[in-house]
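Some labels used for protein structures rest on a number and a cut-off. The questions below ask how a few of these labels were reached.

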Amino acid sequence: MNQKLIFLDIDGTLVAAMAEPSALAAKAIQGARGNGHKVFLCTGRNMPIIGSDILSVGFDGIIASAGLRGRALRFFPLISGRHGGSIRLSMHLPC
């Protein structure tokens with residue numbers, strides 16, 4: 001099987017306007033990850049306004065703020081913690 005990288009927007013793709021992700025969407029994302037694919041959020045939202053209901057679905061990383069902050073790409077890989085939580089690292093890559 002070839003591993004795929006899947007990028008999902010939030011508004012209008014993962015959720016309807018200001019709604020929570022559906023159980024079906026969460027199940028599909030977890031199924032893709034369970035099959036070895038990597039699933040990322042790619043959104044114009046900045047990190048503080050991405051709700052915990054969306055983050056709790058489980059993603060391999062996040063590209064937030066449409067990916068740009070000044071002239072640097074911002075990518076937030078999610079690293080699993082020892083207690084089941086996640087740590088967000090902000091990586092700035094020059095454009």
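Q: How many salt bridges are there in this predicted model?
A: The count comes to two salt bridges in the predicted model.

Q: What makes the contact of Asp-11 and Arg-45 a salt bridge?
A: Their side chains meet with N to O at 2.6 Å. The cut-off is 4 Å between a side-chain nitrogen of Lys or Arg and a carboxyl oxygen of Asp or Glu, so the pair counts.

Q: Which parts does the pair of Asp-11 and Arg-45 tie together?
A: Asp-11 lies in the loop between β1 and α1, and Arg-45 lies in the loop between β2 and α2, so the pair links parts that are 34 residues apart in sequence.

Q: Why is Arg-45 called buried, and Asp-11 partly exposed?
A: Arg-45 has 13% relative accessibility, and buried means under 20%. Asp-11 has a relative accessible area of 38%, which falls between 20% and the 50% above which a residue is exposed.

Q: How do you know that Asp-60 and Arg-33 form a salt bridge?
A: The closest N and O atoms of Asp-60 and Arg-33 are 3.1 Å apart. That is within 4 Å, so the pair meets the rule. A polar contact of 3.1 Å also joins these side chains, where the limit is 3.5 Å.

Q: Where do Asp-60 and Arg-33 lie?
A: Asp-60 is in the loop between α2 and β3 and Arg-33 is in helix α1, so the pair ties together parts 27 residues apart in sequence.

Q: Is Asp-60 buried or exposed?
A: Asp-60 counts as buried, at 17% relative accessibility, because the value is under 20%.

Q: How many aromatic pairs are counted, and why is the pair called stacked?
A: The count comes to one aromatic pair. The ring centres of Phe-7 and Phe-40 are 5.1 Å apart and the planes are at 15°.

Methods: Residues are numbered from 1 along each chain as its sequence is written. This is a predicted model: local features need pLDDT of at least 70, side-chain atom pairs count only at pLDDT 80 or more; totals for chains, interfaces and linings use all residues. Side-chain values use heavy atoms; hydrogens and water are left out. Rings of Phe, Tyr and Trp (its six-membered ring) pair if their centres lie within 6.5 Å; planes under 30 degrees apart count as stacked, over 60 as edge-to-face and the rest as tilted. A polar contact is a pair of N or O atoms within 3.5 Å; within protein, one must be able to donate a hydrogen and the other to accept it, and residues adjacent in sequence count only if both atoms are side-chain atoms. Helices (H or I, at least four residues) and strands (E, at least two) are DSSP runs, numbered from the N terminus. Buried means under 20% relative accessible area, exposed over 50%, partly exposed in between (1.4 Å probe, protein chains only).
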